[in-house]
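Work through the exercises below with the sequence and the 3D structure in view. Each task is followed by a solution in steps.

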Amino acid sequence: MLVFTSVLVLGIFFAVFIITDTRSFKQRKVDDMISLAQVVGTNSISTLQFDDDDEARKILAELHNVAPAIIHAVILDTAGRFFASYTKPGADTLHVPPEFNESRSLFVDERLFVTHDIVDKGQVLGKVLLEVELSDLQQIKRSQFQLAFILLVAALGFAFLIAIAIQQYFSRRLVYLVNTMKEVSRTGEYNKPIADDGKDEISILINVFNDLMKQVKETQEKKDEFIGIASHELKTPLTSIKGYMELLNLMEDKESNKQFVQKAMENVRKLERLIRDLLDVSKIQSGQLELNMGHFNMDSLLDETIASFQMIANTHQIIREGDCINEVISADGQRIEQVLINLLSNAIKYSPGETQVIVHTQKTERELVIKVRDFGIGIPADEQENIFERFYRTKGTSAHFSGFGLGLYIARDIITRHNGRIWVEAQERGTAFYFSLPVKKQELQATG
Ligand code: ADP
C-alpha cells in the first residue's frame with residue numbers, strides 16, 4: 001500500500017512537472033519567435049516600401065544564423081502574397097495550417113507557427129510568418145522522462161525497502177497475535193495474555209484480545225464451578241432414587257409394573273453416567289482427577305469388561321482379536337475400564353444396524369495398543385482432531401444420537417495421565433479408536 005501510494009504520488013508529481021515545464025517552454029518559444037518576427041518586421045519596413053524583395057530575402061536568410069530552428073520565414077504583403085521567403089536547406093515546402101489564420105501562434109505536430117504584422121506609422125504593410133521546428137522540446141521531454149523514470153525506480157526501491165521494514169514490524173506482531181489466537185482456540189488455555197508494549201492499533205487489538213481472554217476464562221471458571229456444584233448436588237438424591245427403585249423392583253411382583261420400574265431404572269442409570277462424567281470433567285478442570293494406581297492383568301480386565309458390557313449390548317457382538325496380553329500392568333483399573341466402556345458404547349451407539357465391534361490388542365516392546373473398531377457412520381476427516389475436545393460432537397451425530405461429548409475428553413485425560421496415547425483412525429467403513437499404555441514405564445512407576 002505504502003509503495004503503491006508513493007509511486008502514485010511521485011507519478012502524479014512528475015506528470016504535473018512535465019506538463020507545466022512543457023507549457024512554459026512552449027510559451028517561452030512563442031514569445032521568442034514573436035520578438036524575432038517583430039525584429040524581422042521592423043527591418044523589412046523599408047524593403048516593403050521600396051519593393052526591394054532582394055533585401056527582404058537577405059534579411060530572412062540571416063535567420064539561419066540567428067535561429068537555426070526556423071524552417072520557413074515569409075514576408076507577406078497586405079494582399080497576402082509572398083513578398084520574400086526563406087526555407088531552411090533540406091526542409092519541405094511550407095504548408096500553413098488553415099486554422100492558423102485567426103491566431104498569432106499555433107503548435108502543429110511539433111512545429112510552431114507565429115505571425116506578426118509589419119506596421120509603419122499605424123499602417124499595416126504586410127506580415128512576417130515563421131515556422132519553427134521544436135526538436136529541442138522533444139529532447140527536453142525525453143530527458144525529463146528518463147529522469148522521471150530513474151527517480152521513480154529509485155523511489156520505488158526505497159519505498160519498498162521501508163515498506164518491508166515496517167511490514168515486518170507489524171506483521172511479526174500480527175502473526176504472533178494470530179498464532180496465539182489459534183493456539184488458544186486449540187488448547188482452550190485462556191490464561192496466557194500477550195505481552196506488547198507498542199502504542200499503535202495493533203496494541204489496542206492485543207489489549208482487546210487479552211481482555212476477551214480474561215472474560216472467557218472467568219466465564220469458563222464460573223461454568224466449571226456451576227457444573228461441579230450442580231453435579232455434586234444431583235448425585236446424592238439420584239443415589240437415593242436409585243436405591244428406592246431397586247427396592248421397588250424387588251418388592252414388585254406384577255410383571256407389567258416391574259417393566260415400568262426397570263424403564264425408570266434405566267433412565268436413572270443414564271443420569272448417573274452423565275453426572276459421573278460431569279463430575280469427572282470438573283475434576284479434570286480443577287486438576288483433581290486422581291488415579292488409584294494398582295496392578296492388574298490387562299487380559300483379564302479386557303475380558304471381564306467385554307463380557308459384562310456384552311450383557312447389556314444385545315445388538316452387537318463384541319469380538320476380541322490380536323495378541324494375548326499376558327502382562328500385569330500398573331494403572332488405575334477402574335479408569336482404564338471406563339475408557340474401554342466409553343469406546344465400546346460409542347462403537348455400538350454410532351453403528352446402528354451393524355452387528356459387530358472388534359477389540360484388537362497388540363503388544364509391542366514398549367506399549368500395549370488396544371483398538372476398538374466399528375463399522376458405523378464414521379467421523380469426517382476435518383472433525384477428527386476435535387472429537388477429544390470437551391462437549392464436541394460431530395455435525396452428523398448431534399441431531400440423531402444422544403450424548404454430551406464428554407466421554408472422549410475424559411478418556412483422553414485418563415490415558416495421557418497414564419503416559420499413554422489415544423487417537424482415532426478413519427476406516428473405509430466405520431471408525432477405529434486406539435489407546436496405548438506404556439509397558440516399561442508403568443512397570444517402573446509401579447515398582448518406583
Ligand atoms: P458422546 O458420544 O456422548 O457425544 P464422546 O466424547 O464419547 O461423546 O464422543 C464425542 C463425539 O465423537 C461424538 O458425539 C461423536 O460425534 C463422535 N464419535 C465418537 N465415537 C464415535 C464412533 N465410534 N463413530 C462415530 N463417531 C463417533
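At 25% relative accessibility, arginine 111 counts as partly exposed, where buried means under 20% relative accessible area, exposed over 50% and partly exposed in between (1.4 Å probe, protein chains only). The model is predicted: local features need pLDDT of at least 70, side-chain atom pairs count only at pLDDT 80 or more, and totals for chains, interfaces and linings use all residues. Residues are numbered from 1 along each chain as its sequence is written, and side-chain values use heavy atoms, with hydrogens and water left out.

**Exercise 1. Find the salt-bridge partner of arginine 111 and state where both residues lie.**

Step 1. A salt bridge needs a side-chain nitrogen of Lys or Arg within 4 Å of a carboxyl oxygen of Asp or Glu.
Step 2. Arginine 111 meets glutamate 131 in such a bridge, at 3.0 Å from N to O.
Step 3. Arginine 111 is in strand S4 (residues 111–120) and glutamate 131 in strand S5 (residues 123–133), 20 residues apart. Helices (H or I, at least four residues) and strands (E, at least two) are DSSP runs, numbered from the N terminus.
Step 4. Glutamate 131 is buried, with a relative accessible area of 3%.

**Exercise 2. Which parts of the chain does the salt bridge between aspartate 303 and arginine 320 tie together?**

Step 1. The closest N and O atoms of aspartate 303 and arginine 320 are 2.9 Å apart.
Step 2. Aspartate 303 belongs to helix H6 (residues 298–312) and arginine 320 to strand S7, so the pair ties together parts 17 residues apart in sequence.
Step 3. Both residues are partly exposed: aspartate 303 has a relative accessible area of 40%, and arginine 320 has 26%.

**Exercise 3. Describe how strand S9 is paired with S7 and S10.**

Step 1. Two strands pair if DSSP finds at least two bridges between them.
Step 2. Strand S7 (residues 317–322) runs parallel to S9, joined by 6 bridges; glycine 322 has threonine 361 as its bridge partner in S9.
Step 3. Strand S10 (residues 367–373) runs antiparallel to S9, also with 6 bridges. Here isoleucine 358 has arginine 373 as its bridge partner.
Step 4. S9 and S10 form a hairpin with 3 residues between them.

**Exercise 4. What kind of aromatic pair do tyrosine 350 and phenylalanine 401 form?**

Step 1. Rings of Phe, Tyr and Trp (its six-membered ring) pair if their centres lie within 6.5 Å; planes under 30 degrees apart count as stacked, over 60 as edge-to-face and the rest as tilted.
Step 2. This rule gives 5 aromatic pairs.
Step 3. Tyrosine 350 and phenylalanine 401 are edge-to-face, with 5.0 Å centre to centre and 65° between the planes.
Step 4. Tyrosine 350 sits in the loop between helix H7 (333–349) and strand S9 (356–363), and phenylalanine 401 in the loop between helix H8 (395–398) and helix H9 (407–417), 51 residues apart.
Step 5. Tyrosine 350 is buried at 17% relative accessible area, and phenylalanine 401 is buried at 16%.
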